[in-house]
Structure formats: structure tokens, C-alpha cells
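The exercises below concern one protein structure. Please work through each task before reading its solution.

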Amino acid sequence: MEPSTSEPAITSGTQFLRKHMLKLAPYTPIEPFEVLSARYGRKPEDIIKLDANENPYGPPPEVRQALGSLSFPHIYPDPETRALRRALAEMNNVPIENLLVGCGADELIDLLMRCVLEPGDLIVDCPPTFTMYCFDADVNDARVVTVPRLPGFRIDVEGVRRAVQEHKPKAVFLTSPNNPDGSMISEADLLSILALPVLVVLDEAYIEFSSEQSRIAWVNKYPNLVVLRTFSKSAALAGLRVGYGAFPRDMIEYLWRAKQPYNVSVAAEVAACAALTNMPYLNQVRDALVSERDRLFARLQEVPFLEPYPSHANFILAKVTGGRDAKAVKDALAQQHGIMVRHYAKKELSGYIRVSVGRPEHTDKLIDALKQL
Ligand SMILES: *Cc1c(COP(=O)(O)O)cnc(C)c1O
């Protein structure tokens with residue numbers, strides 16, 4: 001039978017996609033450990049991975065024990081992650097009703113945007129910063145108003161105020177300590193931004209490494225504040241995917257309705273709860289990374305072609321100077337020494353590398369390698 005000529009022919013799958021999807025940046029894969037290992041011809045244990053702010057010490061032994069003896073892997077997880085939220089509420093002095101757990105803080109950024117943003121709505125982004133805010137804004141057909149940070153990576157509070165007045169964005173994303181430079185937002189700056197008529201999302205993925213307290217309990221007081229935290233960095237559970245957020249009480253109700261019911265796996269919740277049973281271990285690892293950060297900073301200062309920035313997180317951003325190309329430095333470290341550091345394609349950061357804090361021997365090998373370049 002001839003197809004009816006009145007029906008338009010289906011010529012490709014892309015014609016079914018939402019229009020804004022066609023404008024998304026192409027997918028750039030993040031290479032798993034095994035692939036890196038094969039590419040650089042080294043055993044996984046001979047690769048020094050300082051490119052994703054992972055915690056080289058791993059979680060406390062209680063986590064492996066708990067994962068090895070899961071009682072109910074065949075049963076769906078608790079959609080309300082009650083055991084973990086109970087522990088987090090107590091630890092953080094936040095009512096359990098304000099807390100929601102996600103498949104990483106990344107999931108919560110996307111969930112929040114799906115609940116808050118109409119197509120065409122705006123968010124304020126303060127680059128250089130964590131790129132997931134822009135990524136999720138694009139996925140959610142939102143627009144981004146950019147208020148670049150001032151020299152020294154401080155937030156341009158006046159710029160944010162102007163952007164809020166002019167563009168009426170729904171949300172401002174702030175990161176403290178900021179990724180990639182490790183600077184903190186001051187209390188005065190945060191308070192100024194909280195006074196604006198906008199939802200303020202404070203991402204505290206690295207707060208444990210700073211000398212300041214988390215502002216998570218502030219959600220009790222500010223109806224326009226969301227605070228995001230994660231088990232990926234200081235609790236060393238990046239592979240298990242557990243993040244959490246504190247949200248205004250009246251808003252969280254709707255996030256629950258939109259959330260995938262089983263977003264946190266049984267393994268993820270059990271692992272996070274087990275990690276919290278050994279705070280002395282978590283604190284000891286954090287202290288080790290903080291003191292290693294300070295040593296790494298001093299050693300990076302000795303490298304003639306690097307200018308490191310002081311950091312409150314478990315990574316250090318360094319400007320590559322002396323006519324050297326930052327991408328070439330990154331490639332040489334990977335190829336010749338099996339040391340992975342982060343480099344950025346984006347123009348404003350193309351002259352920088354970011355190095356995660358590892359174990360003392362990782363610092364020593366990195367510095368030796370840098371001196372040989
Ligand atoms: C790593 C990171 C996260 C993501 O954490 P997950 O819980 O692993 O999704 C969130 N925000 C910032 C700034 C990060 O660097």
C-alpha cells in the first residue's frame with residue numbers, strides 16, 4: 001500500500017525532540033578509571049587521579065561492611081530515605097521535614113530547576129563556578145544571566161542585585177567554597193543576596209573542608225534559601241551518589257511530588273548512614289586533606305610557572321604562567337606521569353589547572369613531575 005501523501009514523511013528521530021534540546025551542547029563523556037588506565041598504559045593503582053575532587057582515602061570501613069551485608073537488596077528503597085534524613089536532621093539541626101536526599105546533589109539541582117523554572121525563565125550564574133547550574137538550566141529550557149565574579153573570585157553582589165532587578169530571575173546559584181577556586185562567600189554578601197526577591201541556592205559541596213560552619217540551618221529562617229550538601233567529597237562516596245538539600249518547608253512538598261520515587265538506592269542510603277556512624281574517621285580524613293591542601297599550596301608556589309589560589313576546599317586552582325600552555329601541562333602530566341589534573345576548555349579558565357588534594361605521596365609525585373616538565 002502506498003503511504004498516504006497527506007501524511008508528512010517521518011525522516012528522522014530528531015523531529016520528535018523538544019526544540020531547545022537541539023541546542024544542547026554535545027555530550028562530553030567523563031572517562032572512567034579503567035579507560036584512563038588503558039589509555040595511559042598504566043595499572044589503575046598507578047594512576048594518580050587529581051581531577052575530580054574525589055577523596056583518596058575512601059569511606060570508613062563501616063561502609064564496606066554495611067554494603068557487604070545488605071538485608072534487602074531485592075526490595076525497593078525507602079522513597080523517603082527516612083533513616084538517612086533522621087541522621088542528617090539531628091546532625092545539622094534542621095527539621096527532617098526540610099530535608100530531601102538525592103542521587104547526588106546533582107540530581108537535586110535538576111529536580112529544583114524542574115519544579116521552579118518555566119521554559120524561558122532565568123537563573124543567575126556567577127562564573128567561574130560549577131558548570132552543572134548552566135547545564136541543568138539548558139536542559140530545562142531556562143536562560144542564564146551571567147554575573148562574572150570579581151578579581152579574586154569574589155561574588156559581584158552589586159551585579160547580582162542589578163541582574164535581579166533587571167531580569168527578574170527565579171534563582172541565583174552560589175557556591176561556597178566555590179568550585180574551581182575554593183573561595184568562600186562572606187556572610188555579608190550572602191545576607192545581601194538573601195534580601196533580594198529571588199530563590200538563593202547555596203551549594204556547600206565542599207563546606208567540610210572550610211573553617212566555617214555550614215549555613216544549612218539557615219533554611220529555618222530564610223524562606224528563599226536552599227542549601228545543598230553531598231556525601232561525594234568529604235565522605236568519599238562519589239561512586240554511590242548521595243547528596244542532600246535543605247529546602248523551604250512549603251516548597252519541599254512539591255519537590256516530593258516531582259521526585260522519582262526510588263531516586264536513592266538501597267546501597268546508597270545504607271552507605272551514607274554507615275559513613276555517619278564513624279564521624280571520628282570522617283573528621284580525621286578531612287583534617288588530613290586540609291593539612292595536605294596547605295602543604296600542596298606551598299609546594300605549588302615553588303613551581304615557577306604556577307600561581308596557586310588559596311582554597312577552602314579539597315582542590316587548588318593554579319594559573320599557568322611563564323608562556324606555558326595549561327592544556328599542554330595537563331596532557332604532559334597525564335601522558336608522562338599518569339597524573340590527572342583538571343583543565344578547562346572555557347576561554348576564561350583556559351590558562352588554569354585545578355588540582356585535587358590527594359595523599360602526601362600524590363603531592364610529592366605531582367611536584368616532582370611538574371619540576372621535570
Ligand atoms: C561535586 C560537586 C557537586 C556534586 O555532588 P554530587 O553529590 O556528587 O552530585 C555539587 N556541587 C559542586 C560545587 C560540586 O563540585
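**Exercise 1.** Determine which residue of E11 stands opposite Leu-50, and describe the sheet to which E1 and E11 belong.

*Solution.* Step 1. Leu-50 faces Val-341 in E11; strands (E, at least two residues) and helices (H or I, at least four) are DSSP runs, numbered from the N terminus. The model is a predicted one, in which local features need pLDDT of at least 70 and side-chain atom pairs count only at pLDDT 80 or more, whereas totals for chains, interfaces and linings use all residues. Residues are numbered from 1 along each chain as its sequence is written, and side-chain values use heavy atoms, with hydrogens and water left out.

Step 2. E1 pairs with strand E11 (residues 339–343) in the parallel sense, over 3 bridges. Two strands pair if DSSP finds at least two bridges between them.

Step 3. The open sheet has 5 strands in the order E1-E11-E12-E10-E9, and its pairing is mixed. Its edge strands, each pairing on one side only, are E1 (48–50) and E9 (306–308). From one strand to the next, the twist averages 35°. Angles run from 0 to 180 degrees between N-to-C directions, and axes are lines fitted to C-alpha atoms, for helices over the stretch in contact.

Step 4. Helix H11 (residues 326–337) packs on this sheet and touches E10 (315–320), E11 and E12 (352–356). The direction of H11 makes about 160° with that of E11. Contact means heavy atoms within 4.5 Å.

**Exercise 2.** Describe the open sheet of 7 strands and the helix H4 that packs on the sheet.

*Solution.* Step 1. The strand order is E2-E8-E7-E6-E5-E3-E4, with mixed pairing. E2 and E4 (143–146) are the edge strands, each pairing on one side only. The twist averages 25° from one strand to the next.

Step 2. Within this sheet, E7 (residues 225–230) and E8 (residues 243–246) pair in the antiparallel sense over 4 bridges. Thr-230 is placed opposite Gly-243 in E8.

Step 3. Helix H4 (residues 104–116) packs on the sheet; among the strands that H4 touches are E3 (122–125) and E6 (199–203). The direction of H4 makes about 115° with that of E2.

**Exercise 3.** Describe how H2 and H9 pack, and state which residues make the contact.

*Solution.* Step 1. Two packed helices are described by the angle between their axes and the distance between the axes.

Step 2. For H2 (residues 61–68) and H9 (residues 266–276), the angle is about 145° and the axes are 8 Å apart.

Step 3. H2 contributes Glu-62, Val-63, Ala-66 and Leu-67 to the contact, while H9 contributes Ala-267, Val-270, Ala-271, Ala-274 and Ala-275.

**Exercise 4.** How many residues does each domain give to the contact between domain 1 and domain 2, and what area is buried there?

*Solution.* Step 1. The assignment gives domain 1 (16–57 + 280–372) and domain 2 (62–278); such bounds come from an automatic or database domain assignment.

Step 2. The centres of the two domains, taken over C-alpha atoms, are separated by 23 Å. The contact takes 26 residues from domain 1 and 26 residues from domain 2.

Step 3. About 2,200 Å² is buried between the domains, and carbon and sulfur atoms give 64% of this area. Buried area is the accessible area (1.4 Å probe) that two parts lose on being put together, summed over both.

**Exercise 5.** Where are Pro-177 and Pro-180 found, and which residues do cis peptide bonds join to them?

*Solution.* Step 1. Pro-177 is in the loop between E5 (171–175) and H7 (187–194). Pro-180 is also in the loop between E5 and H7.

Step 2. A cis peptide bond joins Ser-176 to Pro-177, with omega about -5°. Another cis bond joins Asn-179 to Pro-180, with omega about 25°.
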